[in-house]
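Please find below a short note on a structure, arranged as numbered points.

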Amino acid sequence: MSGDSFSLDLPLARFATDSCEATALYRELRKPLLRYLAGLGLSSEEAQDVVQDAFLSMHKHLAAGRSQENIRSWLFRVAHNRARNCQKSYARRLGGPLDPGFDLISHEATPEHAVLAKEKFHRLDKAIRSLAAPERECLMLRAEGLRYREIGEVLGIPTSTVGDTVERAVKKLAEKCNV
Amino acid sequence: MCDFSGRLIAWMDCELEANEAAVVERHVRACAECRERVAAYEDVSRGIAAYCDVVLETAMVTKIHRKLPRWVPVVAGAAAVAAVVLVLALLPRSVRPVPVIPQVAEVRTPIAPKTGTNTPNPVQRRHAAAHRKTQTATWAVAEPAIQIAIPGDAMFPPGAVPEGVNFVANLSLADGSVQGLRLQP
């Protein structure tokens, strides 16, 4: 396997540095990646498989001595492409309406506030489902803290297009949710 | 609509150049309509972040609560029994087990009473053949050549049979091939 030859060819210090870096990146980005992939409609198992593959690719990428710039957007791009490959029709596979669950509404002061929060969440859920796939993807990536430039790298579109798409999507949600 | 409304979200996301961001910031301080819009957009942004958390949480909970269908263990048990039978049937004759010699080794065919002519009675012959077959089948069940114990849990879903109950598969062999299979608890 070529992965073994990578490790043997590398200087030990550099390999150790890359391993530490990869571990830190894994701890930092695993959950955002899982959240993004679940938002695309992947199941838990599919999302975890894709994340594992993405980090394996990143390890090989770093071990081969390739560029370490924008590694966050690089990881999201790999995960995004793998998700598309393993589930071409993920937009149609979004499940039924979501239940916000106890944790999200438990901090509300009164039952009335909890009911209002739940209704608001359902309106948002419906509005997000009505968005076009690029709008939803831009919003999900923005929610994970990616800059417009990074979102453009992940989705393969210009930064200016990302700005327009984000603005259009947020305005649609603000109108539909009536907030 | 205010002229700055198209730059509010980019300003919120810190995507504007420094000088342009300063201009928008001064305007938002002065414009009540834009302040209201910014508040609404921030509310939506917080809602999206919470939505992403719920989506992931829902995916994880769905995984935990997923159960195997009830028919899976039944089919698995039946497949295991079928596999055992198939392996035994395909065993080469050179390695087949030594057959157990039955206690009743001979089955006497009833002798038809002699008549004056040599013409066989077709009804009697059919009856005799059926009698022989019955005798052979009785012998096969009473003296199985191979017994295989199969745990009840392997064939039935949990709770369907009491714990610890095994089933014994009696395989009757004749001429080196499986002639019958009978399961007994």
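1. Confidence in chain A. The structure is a predicted model, and confidence should therefore be considered before any detail. The mean pLDDT of chain A is 79, with 75% of its residues at 70 or more. Among the elements of this chain, the lowest mean pLDDT, 40, belongs to helix H1 (residues 2-9) of chain A, and the highest, 94, to helix H8 (residues 148-155) of chain A.

2. Where pLDDT is low, the predicted coordinates should not be read in detail.

3. The build of chain B. Chain B contains five helices and three strands. Along the sequence these elements follow the pattern α-α-α-α-α-β-β-β. Chain B has 185 residues, of which 10% count as buried. Of the contacts in chain B between residues at least 6 apart in sequence, 57% join residues at least 24 apart.

4. The interface. How many residues of chain B are in contact with chain A? There are 24, and they meet 27 residues of chain A. On the chain B side, the elements that give two or more residues are helix H1 (8-12) and helix H3 (32-65) of chain B. H3(B) gives the most, with 20 residues. By class, this side of chain B has 15 nonpolar, four polar and five charged residues.

5. A residue at the interface. Ile9(B) lies in helix H1 of chain B. Is Ile9(B) buried or exposed? Ile9(B) is buried, because 24 other C-beta atoms lie within 10 Å, and the cut-off for a buried residue is 20 or more. Not counting residues up to four places away in sequence, Ile9(B) touches Val166(A), Glu167(A) and Val170(A), as well as Tyr41(B). The C-alpha atoms of Ile9(B) and Arg37(B) are separated by 9.3 Å, although these residues are 28 residues apart along the chain.

6. The nonpolar core. The largest nonpolar core has 56 residues. Those with the most contacts inside this core are Leu33(A), Leu37(A), Val51(A), Ala54(A), Leu75(A) and Ala79(A). Leaving aside neighbours within four places in sequence, Leu75(A) is in contact with Leu29(A), Leu33(A), Ala54(A) and Met58(A).

Technical notes: Residues are numbered from 1 along each chain as its sequence is written. Chains are lettered from A and ligands numbered from 1 in the order in which they are written. This is a predicted model: local features need pLDDT of at least 70, side-chain atom pairs count only at pLDDT 80 or more; totals for chains, interfaces and linings use all residues. Two residues are in contact if their C-beta atoms, placed from the backbone, lie within 7 Å. Helices (H or I, at least four residues) and strands (E, at least two) are DSSP runs, numbered from the N terminus. Ala, Val, Leu, Ile, Met, Phe, Trp, Tyr, Cys and Pro count as nonpolar, Asp, Glu, Lys and Arg as charged, and the others, Gly among them, as polar. pLDDT is the predictor's confidence in each residue, from 0 to 100. A residue is buried if 20 or more other C-beta atoms lie within 10 Å of its own, exposed if 12 or fewer, and partly exposed in between; C-beta atoms are placed from the backbone. A nonpolar core is a set of buried Ala, Val, Leu, Ile, Met, Phe, Trp, Tyr and Cys residues joined through C-beta atoms within 7 Å.
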